[in-house]
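I opened my notebook to look up the charged side-chain pairs here.

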Amino acid sequence: MLHPGDPVRVAYEELVTELGISGAEVIRKALTDMHERHRQAHPRPIALKEAG
């Protein structure tokens with residue numbers, strides 16, 4: 001939950017209102033970006049990558 005006055009809520013609301021994108025898209029993009037950064041920092045062994 002993002003409480004009123006929370007800086008993250010302000011950023012979220014700006015993205016939704018100023019860019020005209022859905023809240024779900026904001027969350028989807030954030031999760032995708034976080035996952036990519038995690039994968040770059042912690043690459044899986046090649047055998048696991050090939051297995052999926």
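My entries on the salt bridges follow.

I am working with a predicted model, where local features need pLDDT of at least 70, side-chain atom pairs count only at pLDDT 80 or more, and totals for chains, interfaces and linings use all residues. I number residues from 1 along each chain as its sequence is written, and side-chain values use heavy atoms, with hydrogens and water left out.

**Entry: the search.** How many salt bridges does a search of the whole structure find? I got three, taking a salt bridge as a side-chain nitrogen of Lys or Arg within 4 Å of a carboxyl oxygen of Asp or Glu.

**Entry: helix α1.** I found Glu13 paired with Arg9, with 2.6 Å between the closest N and O atoms. Both sit in helix α1 (residues 7–19), four residues apart, about one turn of the helix. Helices are DSSP runs (H or I, at least four residues), numbered from the N terminus. Partly exposed lies between buried (under 20% relative accessible area) and exposed (over 50%), with a 1.4 Å probe and protein chains only.

**Entry: helix α2.** Here I noted Glu25 with Arg28, their closest N and O atoms 2.6 Å apart. Three residues, about one turn, separate them in helix α2 (residues 23–41). Glu25 is partly exposed at 32%, and so is Arg28 at 46%.

**Entry: helix α2 again.** Lys29 forms a salt bridge with Asp33, at 3.0 Å between the closest N and O atoms. They are four residues apart in helix α2, about one turn. Lys29 counts as partly exposed at 48%, and Asp33 counts as partly exposed at 29%.

Conventions
Helices (H or I, at least four residues) and strands (E, at least two) are DSSP runs, numbered from the N terminus.
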